[in-house]
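Here are my notes for your first look at this one. Have the viewer open as you read, and go point by point.

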Amino acid sequence: MLVGVLSVQGSFMEHAQLLREMGCRVRAVKAVEDLQGLSGLIIPGGESTTIASLLKRNKLAGALPPQLPIFGTCAGMIMLARRLLGRHKEGQGLLKRMDIEVERNAYGRQRESFEADVELSWDARPFRAVFIRAPRIVKHGPDVKVLAWHKATPVLARQGSNLACAFHPELTEDDRVHRYFVEELICAD
Ligand code: GLN
């Protein structure tokens, strides 16, 4: 299985490392031709304004096959959202693949970054989640399935072949969220 990691900006190396440790082949995706033969794609966290403009400039935004499983973390989640709240530039929330409304930097200055245990719907053990200037899902449609919560806020959600995560699962040794992406969205398809 070949999983792509969008490698234009942000924490792409950590995602790639985690996938490799799980036994996946990994390709750094920077251009449209890198999409050929991929089983799935991760859009990492970083700065959503930068990621959005690179996705557009490299023509990747329009070239992503609709059925390709995509896992967006943090800024990547912002890319997947149907609608953005708060300050944002035109073009963020670019891909509109999930029926979620997302507020950028929703946790406020004093708590811009923090760690917390979140509950995963499919596993009883808590997941230690790292939130870095995290976005928040403020609303979601009926086709969106929430897979993890933090204080009654959804922090991991799925719609069809798309998975969105408000925190940074690549910054911990725990691979359960990546495993979910690979096993449930890529392999189960
Ligand atoms: N706050 C960032 C943004 O809106 C996202 C932060 C992150 O990806 N860690 O782009």
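1. Start at the ligand: one of its oxygen atoms sits 2.5 Å from a backbone N or O atom of Ser 48, a polar contact (a pair of N or O atoms within 3.5 Å; within protein, one must be able to donate a hydrogen and the other to accept it, and residues adjacent in sequence count only if both atoms are side-chain atoms). Taken alone, the ligand exposes 300 Å², and the protein buries 97% of that (Shrake-Rupley areas with a 1.4 Å probe; for residues, only the protein chains shown count as cover).

2. Before going on, note that this is a predicted model, where local features need pLDDT of at least 70, side-chain atom pairs count only at pLDDT 80 or more, and totals for chains, interfaces and linings use all residues. Residues are numbered from 1 along each chain as its sequence is written, and side-chain values use heavy atoms, with hydrogens and water left out.

3. Which side chain has an N or O atom 2.6 Å from an oxygen atom of the ligand? That is Arg 104. Arg 133 uses a backbone N or O atom instead, 3.0 Å from a nitrogen atom of the ligand. The residues around the ligand (a heavy atom within 4 Å) also include Glu 47, Cys 74, Ile 132 and His 168.

4. Now look at helix α2, residues 48-57 (helices are DSSP runs of H or I, at least four residues; strands are runs of E, at least two; both numbered from the N terminus). Its buried residues are Ser 48, Ile 51, Ala 52, Leu 54 and Leu 55 (buried is under 20% relative accessible area, exposed over 50%, partly exposed in between; 1.4 Å probe, protein chains only). They span an arc of only 170 degrees around the axis, so they lie on the same side of α2 (the arc is taken from the directions from the helix axis to the C-beta atoms). Their cover includes β1, β3 and α3.

5. After α2 comes Lys 59, with a positive phi near 65 degrees. Lys 59 is in the loop between α2 and β4 and counts as exposed, at 61% relative accessibility. Most residues other than glycine have a negative phi.

6. Lys 96 also has a positive phi, about 50 degrees, in the loop between β5 and β6. Is Lys 96 buried or exposed? Exposed, at 51%.

7. Arg 97 is in the loop between β5 and β6, and is buried at 17%. A polar atom of the Arg 97 side chain lies 3.2 Å from the backbone oxygen of Pro 66. Leaving aside neighbours within four places in sequence, the contacts of Arg 97 (heavy atoms within 4.5 Å) include Leu 64, Ile 70 and Gln 159.
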